[in-house]
Amino acid sequence: MRTADLDARIAAWSRPGGPFDPAVLTAHDEAESFPAEACAALDAWGLPEYYVPARYGGRQDRLDEFLALLRRIAARDLTVAVAHGKTFLGGVCAWVAQEDGPAGLLARHVLAGRPVAWGLTEPDGGSDLLAGSLTATRHGSGWLLSGRKWPVNNATRGDLMCVLARTDPQGGPRGFTVFLIDKRATPAGTVRPLPKMPTHGIRGADISGVEFRAARVPAHALVGTVGGGLELVLKSLQLTRIVCASLSLGAGDHALGLLRRFLGERRLYGRDLVTLPHVRVTAGRAVARQFLAEAVAHTAARAAHQVPEELSVVSAVAKAFVPTLIQGQLKLVGDLLGARGFLTGVEGYGGFAKLERDHQVVPVFDGSTWVNRAGLAGVLPLLRPGRRATAPGAESPVRWLREEHRPAPLDTRRLRLSAPRDSVLGALPTLVAGLTRRDGASGAADETASLARALLRAHERLGADLAGTRPTGGAPSTAAMRLAERYEWCFAGAAALALHAARPRLHDGPWGRDDLWLRGCLALVLEALDSEPAAATQVYDRLGTLLGATPDVPVSVLDDTAPDGPARDGSVEVSAA
């Protein structure tokens, strides 16, 4: 994996005058212009190769490694990560369809560095894909497309776009089809760009649209099957929603890097800021949120390879949970930074305002938090504990989360619209029992086991509350949405426990000693589930103390080379508020 090389390149590019120079990126943000220099540098480095599966000549064979790369870029500048990473999202339908024709064609274009867009949303449709009105009608051996897609990332810059079109006037689940459109090959005047939209965050990204006016496209533009577009998009979203978590992880890295620097420099009431208990506890909560987000994102990325038939649930949890968790982390960091988080031109801290604005769009990407949570709420009765037995021969997530485990090749044919079970949360009783049986347990280990047992009890209460529910169509009730949120927190706790059990290395070092990072994660989970542990404050205090006292230790339980944040190489960051 080339994450260390990418780290070094980005650090070099961030020097004055370089493509990732904070002053250059700030200027693009203020002018709402595309960060072309940074994207060109990533092209030259070879990032597009990781957007293409290995079977089509690319280098993408592990989703967890791809997430690590995109996280590095997001930790330096979220706009650049969004602007460049959209090509992966734009092409994913072709990879999931596994159609040799369009997939091979698309791979050649992506490997050549050409951006790709994904045309799903329409002016009046929002997240309701069934409301799409852009039509594709047969014309000889090909098709005619008419209608608009807006707002779309890369809509103007992308010569290629995967478009969801209505092929049956009646619409419905089998009334839509995906096409790969090469705008350059359409008759003149039949494809018109729609203007870039001014946005609150990611101001430099190409958020615009496109209008088709009886645009003729060839038969080989078809991706998948006629009428299979909606199913294809929903399966593709199961992968892109997991990838979106890397954007939040990078934002968290950036924020904690700024906070760590602030704690080392700021004095208040004649004392170092980190000596104040409230500051340490608040900082510790921010650190615990990062660790818990990592556990969920990494588990979801591994699950894509090992249990892809469960991704409809796993991806919905990851997309609803991780961006929301990091958005809360950014609020905690902003509260501690105070005015420095909202003033421009303040050396080293002016970038926080841009970061906070940019990240607000991540919970909206690829289905908003509400959309993902609503989808989860609709199937919760099918996932309640004990309803379905573990699949014969099913592997524990502990096994496929081990560092030495080589994930199985991603098999998109195993993706399903409805998950038969949830192996991660289903493993919770075994994970808790394993903690309880640890030999020679210390006081901290006993506390960890106690927290884990409290999580199991909370999960059992959730199961009891789900016992009387039934699957329903339409918008879920407020009560159902709250049950879904509780499910997400239980899943997050199980993911943290599984990762801890799978990787003995995570039991050592500043964050792992005395199960510190795990206890921080479990404390967050239990607080959200109304089972607040008595020792939570002390755990957060220790995490906050370590953040200020160990400037060379990455705030990560997964990767020793993870960045401390965008200013690690000494560069100065400024930004518009």
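Trainee: Leaving aside its neighbours within four places in sequence, which residues is Trp 517 in contact with?

Mentor: Contact means heavy atoms within 4.5 Å, and on that basis Trp 517 is in contact with Phe 291, Ala 496, Leu 499, His 500, Leu 506, Trp 511, Gly 512 and Val 557, its neighbours within four places in sequence being left aside. This is a predicted model, in which local features need pLDDT of at least 70 and side-chain atom pairs count only at pLDDT 80 or more, while totals for chains, interfaces and linings use all residues. Residues are numbered from 1 along each chain as its sequence is written, and side-chain values use heavy atoms, with hydrogens and water left out.

Trainee: Which members of the largest nonpolar core touch the most other members?

Mentor: A nonpolar core is a set of buried Ala, Val, Leu, Ile, Met, Phe, Trp, Tyr and Cys residues joined through side-chain atoms within 4.5 Å, where buried means under 20% relative accessible area (1.4 Å probe, protein chains only). The largest one has 170 residues, and Ile 73, Leu 292, Leu 497 and Trp 517 touch the most other members. Helix H7 (residues 229-265) gives the most to this core, 18 residues, helices being DSSP runs of H or I with at least four residues, numbered from the N terminus.

Trainee: Is Asp 77 buried or exposed?

Mentor: Asp 77, which lies in the loop between helix H4 (63-76) and helix H5 (78-97), is buried, with a relative accessible area of 6%. A polar atom of its side chain lies 3.0 Å from the backbone nitrogen of Val 80.

Conventions: Buried < 20%, exposed > 50% of the residue type's maximum accessible area, 1.4 Å probe, protein only. Helix = DSSP H or I, 4+ residues; strand = E, 2+ residues; numbered from the N terminus. Polar contact = N/O pair within 3.5 Å; in protein donor to acceptor, adjacent residues only side chain to side chain.
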